[in-house]
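Dear colleague,

Please find below the structure that I promised to pass on, together with its sequence.

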Amino acid sequence: MIGSISTAIAAGSIGSIPPGIMTSELYGYNGAYFVTDSIHAGYGYWIKTSQDGKLILSSSSPAQTNRIHIVRTTDLPPSAPPDHLSNSGSSRPMVFELFQNYPNPFNPGTSIKYVLPKSAWVSLKVFNMLGEEIATLVEGIEDAGYHQVEWDASGQSSGVFYYRLKSDSFVETRKLVLLK
């Protein structure tokens, strides 16, 4: 498992000591594993290496000789451990959840993820600091599962905004920051 705490890193920018370590593709997880070409700050990723060594995560490209060598294989990540969102190996979530948007701060677009344990009416809205509704991102019945919506705030001024998810008796609000 690897990850970054501060910046996104392209898989092609990952270096290694010793140089040229062979690796599997990079896998992220969002209810199921998926192949990705970059590491985003605050998330963990699975990668299999051919030997012991160090992986160097840098937003600038390492020298060509120090880069890892990504090889497509049939190797897959291990089964995901059960967590508070899933039902013992089932990918169906057990609770409502609203995640922090990514990236945050953002300019001008950001992604908001949420989880529904059952089909339900959902309202996802964005508000300014005065509590005025700025945008309705989702309004209607959604299927159970993992969802993601994008918000393009190019028509807004820099500042702090809030987004609120309402569904059944669940209500959660989170803060997001637009920096232009």
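Lys125 counts as buried, at 18% relative accessibility, where buried means under 20% relative accessible area, exposed over 50% and partly exposed in between, computed with a 1.4 Å probe on protein chains only. Its salt-bridge partner Glu133, by contrast, is partly exposed, with a relative accessible area of 44%, and the closest N and O atoms of Glu133 and Lys125 are 3.3 Å apart. By salt bridge I mean a side-chain nitrogen of Lys or Arg within 4 Å of a carboxyl oxygen of Asp or Glu.

Before you read on, please note that this is a predicted model, in which local features need pLDDT of at least 70 and side-chain atom pairs count only at pLDDT 80 or more, while totals for chains, interfaces and linings use all residues. Residues are numbered from 1 along each chain as its sequence is written, and side-chain values use heavy atoms, with hydrogens and water left out.

A search of the whole structure gives 4 salt bridges. One of them joins Asp168 to Lys118, with 2.9 Å between the closest N and O atoms. Because Asp168 sits in the loop between strand 18 (159-167) and strand 19 (170-178), and Lys118 in the loop between strand 14 (109-116) and strand 15 (120-127), this pair ties together parts that are 50 residues apart in sequence; strands here are DSSP runs (E, at least two residues), numbered from the N terminus. Asp168 is partly exposed at 47% relative accessibility, and Lys118 is also partly exposed, at 40%.

Glu172 and Arg174 form a salt bridge through their side chains, at 3.3 Å from N to O. Glu172 is partly exposed, with a relative accessible area of 23%, and Arg174 is partly exposed at 26%. Elsewhere, salt bridges that share partners link Lys125, Glu133 and Glu139 into one network.

As for the strands, 3 of them make up an open sheet with antiparallel pairing, in the order 13-14-17, two strands being taken as paired if DSSP finds at least two bridges between them. Strand 13 (97-98) and strand 17 (145-152) are the edge strands, each of which pairs on one side only.

Technical notes: Helix = DSSP H or I, 4+ residues; strand = E, 2+ residues; numbered from the N terminus.
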